[in-house]
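Let us take a friendly walk through a protein model. Have a look at the sequence and the fold first, and then read on.

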Amino acid sequence: MAGTMRVPRTRGALSGILLILLGLWGALLPLAGPYFDFGFAPDDTWVYNTDRLQLSIAPGAAAALGGLILLFSANRAAGMFGGWLAALGGAWFAVGPVLSPLWDVRGVGAPLGTTEGRHVAEYLAGFTGLGVVIVFLAALALGRFAVVGVRERRLDEPEPPGSNTTQPLVYGRYARENQPGQGQPPTGDQHVAGEPRWER
């Protein structure tokens, strides 16, 4: 069992890097977005409040931390934990703005864009679309950590007895000609075309 808990460090590397980048993007977009005129009001950088903490910074930190665990994990349980942490962060990006009015959270602010297309792009990039992509990458990582590779199973299984011994090579149809101790075919065998006839 101990062998199957070990995994190569590269197993969650790509998903981990992408989750770190997406988590940082989601956490910093409301704070640094006004630099690029893309984000949410007010049009000032690094404006912090508890609404932004609950809806952007906390899920972004969860996704980035889950990606960091996936990136460096060589243990199946730790990798699964990192994947679930990132998936929960992504799910909160997607559903948090919808559920937040239930406890009187106003939201991170109105989109800075002046057109309807920009509004949609800012909401997708900051919440719903971002959350869906994070959940997708976390699910891929969870699937990779759930599978036990052939190399890992070989490390866990003991070698069968006699696996290091050599065996004689046996050739021919039905392996009759070269089996030791058999000078003639078994009783009742018929001659098969292409095989030498046995001398009686």
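**Ground rules**

This is a predicted model, in which local features need pLDDT of at least 70 and side-chain atom pairs count only at pLDDT 80 or more, while totals for chains, interfaces and linings use all residues. Residues are numbered from 1 along each chain as its sequence is written, and side-chain values use heavy atoms, with hydrogens and water left out.

**The overall layout**

The protein has seven helices and zero strands. Both kinds of element are DSSP runs numbered from the N terminus: helices are H or I with at least four residues, and strands are E with at least two. Read from the N terminus, the order is α-α-α-α-α-α-α.

The protein has 200 residues, and 34% of them count as buried. Here, buried means under 20% relative accessible area, exposed means over 50%, and partly exposed lies in between (1.4 Å probe, protein chains only). Among contacts in the protein with a separation of 6 or more, 70% come from residues 24 or more positions apart. A contact means heavy atoms within 4.5 Å.

| Helix pair | Angle between axes | Axis distance |
|---|---|---|
| α4 (residues 76-99) and α6 (residues 128-146) | about 165° | 7 Å |
| α2 (residues 13-32) and α3 (residues 50-72) | roughly 160° | within 7 Å |

The axes are lines fitted to C-alpha atoms, for helices over the stretch in contact, and the angles run from 0 to 180 degrees between N-to-C directions. Angles under 35 degrees count as roughly parallel, over 145 as roughly antiparallel, 65 to 115 as roughly perpendicular, and the rest as oblique.

With the angle of about 165°, α4 is roughly antiparallel to α6. The crossing of α4 past α6 is left-handed, a term used if the near helix is turned anticlockwise from the far one by less than a right angle (clockwise would be right-handed). On the α4 side, the residues that meet α6 include Gly79, Gly83, Trp84 and Phe93, and their partners in α6 include Gly131, Ile134 and Leu142. Sorted by class, the contact of α4 with α6 has 14 nonpolar, five polar and one charged residues. In this sorting, Ala, Val, Leu, Ile, Met, Phe, Trp, Tyr, Cys and Pro count as nonpolar, Asp, Glu, Lys and Arg as charged, and the others, Gly among them, as polar.

Turning to the other pair, α2 and α3 are roughly antiparallel to each other, and α2 passes α3 in a left-handed crossing. The contact is made by residues including Gly16, Ile20, Gly23 and Ala27 of α2, together with residues including Ser56, Gly60, Ala64 and Gly67 of α3. By class, the contact of α2 with α3 has 14 nonpolar, six polar and one charged residues.

**The salt bridge**

How many salt bridges does the structure hold? There is one, and it joins the side chains of Glu122 and Arg118 at 3.4 Å, N to O. A salt bridge is a side-chain nitrogen of Lys or Arg within 4 Å of a carboxyl oxygen of Asp or Glu. Glu122 and Arg118 are about one helical turn from each other, because they are four residues apart in helix α5 (residues 116-126). Glu122 is buried, at a relative accessible area of 0%, whereas Arg118 is partly exposed, at 27%.

**Two buried residues**

Ser15 lies in helix α2 and is buried, with a relative accessible area of 10%. Setting aside neighbours within four places in sequence, Ser15 is in contact with Leu137 and Ala141.

Gly126 belongs to helix α5 and is buried too, with a value of 3%. In sequence, Gly126 and Ser56 are 70 residues apart, yet their C-alpha atoms are 8.0 Å apart in space.

**The loop between α2 and α3**

Which peptide bond is cis, with omega near 5°? That is the bond from Ala41 to Pro42, and Pro42 sits in the loop between α2 and α3. Asp37 is also found in this loop. The phi of Asp37 is near 55°, a positive value in a residue other than glycine, and Asp37 is partly exposed at 41% relative accessibility. Trp46, in the loop between α2 and α3, has a positive phi of about 60° although it is not a glycine.
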